[in-house]
Amino acid sequence: MSQTLQAVRGMNDILPDDAETWEYFEDIVRDWLQSYGYRPIRMPLVEPTPLFKRAIGEVTDIVEKEMYSFEDALNGEHLTLRPEGTASCVRAVIQHSLIPSGGPQRLYYYGPMFRHERPQKGRYRQFHQIGVEALGFAGPETDAELILMCARLWDDLGLEDVALEINSLGSPEERAQHRAALIAYLELHQEQLDEDGRRRLHTNPLRILDTKNPALQAIVDAAPRLADYLGDESKAHFDAVQVFLKDAGIPYRINHRLVRGLDYYNRTVFEWVTTRLGAQGTICAGGRYDGLFEQLGGKPQPAAGFAIGIERLLLLWQACGGESERMAPDAYVVSVGAAAQRLAFRAAEALREHGFAVLMHCGGGSFKSQMKKADASAAAVAVVIGEDEAAAAEVGLKPLRGGGAQQRVALETLPEALAGLLYPEESVQED
């Protein structure tokens, strides 16, 4: 007997009960994004590997250790399953000249991303993100609106224990000055750094500030702060973001160690964090990345955005009491006998034509067994058809919730009769 195959570890099936929750959640998200004027874009799951190396940075964890990359056997191209969406989105906007032809763009996307890391609760090798990108907008009001958008979604979902952390990374020139001072400082403590810190010292020292190693906290706390190297323009931008947040009543904490793991960020960066998910406390992160267009070969454009981890957000939503409504048909059609089954097809299609969700029993069985399945389906009404009903071109309507007697109606009046059972108040108003 052949071995049973299973999904790749860390790449999970989303089964019907959970998939319905995802669809319910996605409807909420879609309405939220459209209320801010964002439009959908869909990019390929596979991109040229150089796209991510150039955008994310050669010495980031994602590029060094986490990307699923391979060589296409047909043409020798080096390809990668996308580990994040911003680089793909910017690539698409450049390739199709969306900003020159249509002006600044507010875009969103959602779907799977891929990173080779150790699977754990809320963090998988195939995971899903909602990405929101404001492209061509330079002002601090855009940064603030992105943050306010998140606050609106948390409110819509009824989330608790979510806190905002912000920081400014300044300009590339300011970061270079800080980087030189940071390296000089860390070199004085090189022997005390862990292996990861020594490896990053001359390649990506900012990431050392984000270490989770308790033994390095004192060194990190005393390190030169990027805030001390910001110029007047960067300070004014960051101050303006804070004014907008204060005006909107959004509490926040400035976290000077918040640097983000991707090289393309500049100026405002932010994270929404929670204490309810253990170590995986970040549910949303983003910021400004004004240099990315030029890095990817396009004309310089200001840009900002954020990404939400769907798995983590759903865990938090459910921890806060969120749940989706179970999807249930309006009617379940049961039938016994050949003529009754033929009429059942006609009845079911007549109802669907009028916009009703209808589940038709297949596979035979007695009225009793079929009615059990009708009740288990959570349908509001059973449409019952036997040989007598079939001979008279009629059907029985039996309410399954809240009681009520079964009634017989002609096939041509079935949609109106079902509407009367499902929406009695509307029928009374029409009368």
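**View 1. Strand β14 (residues 381-385) is largely enclosed by the rest of the structure, because five of its five residues are buried.** The model shown is predicted. Val 381, Val 383 and Ile 385 point one way from β14, whereas Ala 382 and Val 384 point the other way. The residues on both sides of the strand are buried, a term that denotes under 20% relative accessible area.

**View 2. Strand β14 pairs with strand β12 (residues 331-335) in the parallel sense.** Five bridges join β12 and β14. Within this pairing, Val 383 of β14 is the bridge partner of Val 333.

**View 3. Strand β14 pairs with strand β15 (residues 394-399) in the antiparallel sense.** The pairing of β14 with β15 extends over four bridges. Ala 382 stands opposite Lys 398, a residue of β15.

**View 4. The protein chain is divided into two assigned parts, domain 1 and domain 2.** Domain 1 comprises 16-170 + 230-320, and domain 2 comprises 331-421. Taken over C-alpha atoms, the centres of domain 1 and domain 2 are separated by 48 Å.

**View 5. The second largest pocket holds about 300 Å³ of space.** Its lining consists of 15 residues; those nearest the pocket centre are Ile 14, Asp 18, Trp 22, Tyr 124 and Glu 311. Two or more lining residues are given by each of α1 (16-35), β6 (126-135) and α12 (310-319). Helix α12 gives the most to this lining, with four residues. By residue class, the lining of the second largest pocket divides into six nonpolar, six polar and three charged residues.

Definitions and conventions
Residues are numbered from 1 along each chain as its sequence is written. This is a predicted model: local features need pLDDT of at least 70, side-chain atom pairs count only at pLDDT 80 or more; totals for chains, interfaces and linings use all residues. Side-chain values use heavy atoms; hydrogens and water are left out. Buried means under 20% relative accessible area, exposed over 50%, partly exposed in between (1.4 Å probe, protein chains only). Two strands pair if DSSP finds at least two bridges between them. Domain bounds come from an automatic or database domain assignment. On a 1 Å grid over the protein atoms alone, a cavity is a set of points where a 1.4 Å probe fits but cannot get out, and a pocket is an open set with protein on both sides within 12 Å along at least five of seven lines; lining residues have an atom within 4 Å of a point. Grid points are joined across faces, edges and corners, and a volume is the space filled by probe spheres set on the points. Ala, Val, Leu, Ile, Met, Phe, Trp, Tyr, Cys and Pro count as nonpolar, Asp, Glu, Lys and Arg as charged, and the others, Gly among them, as polar.
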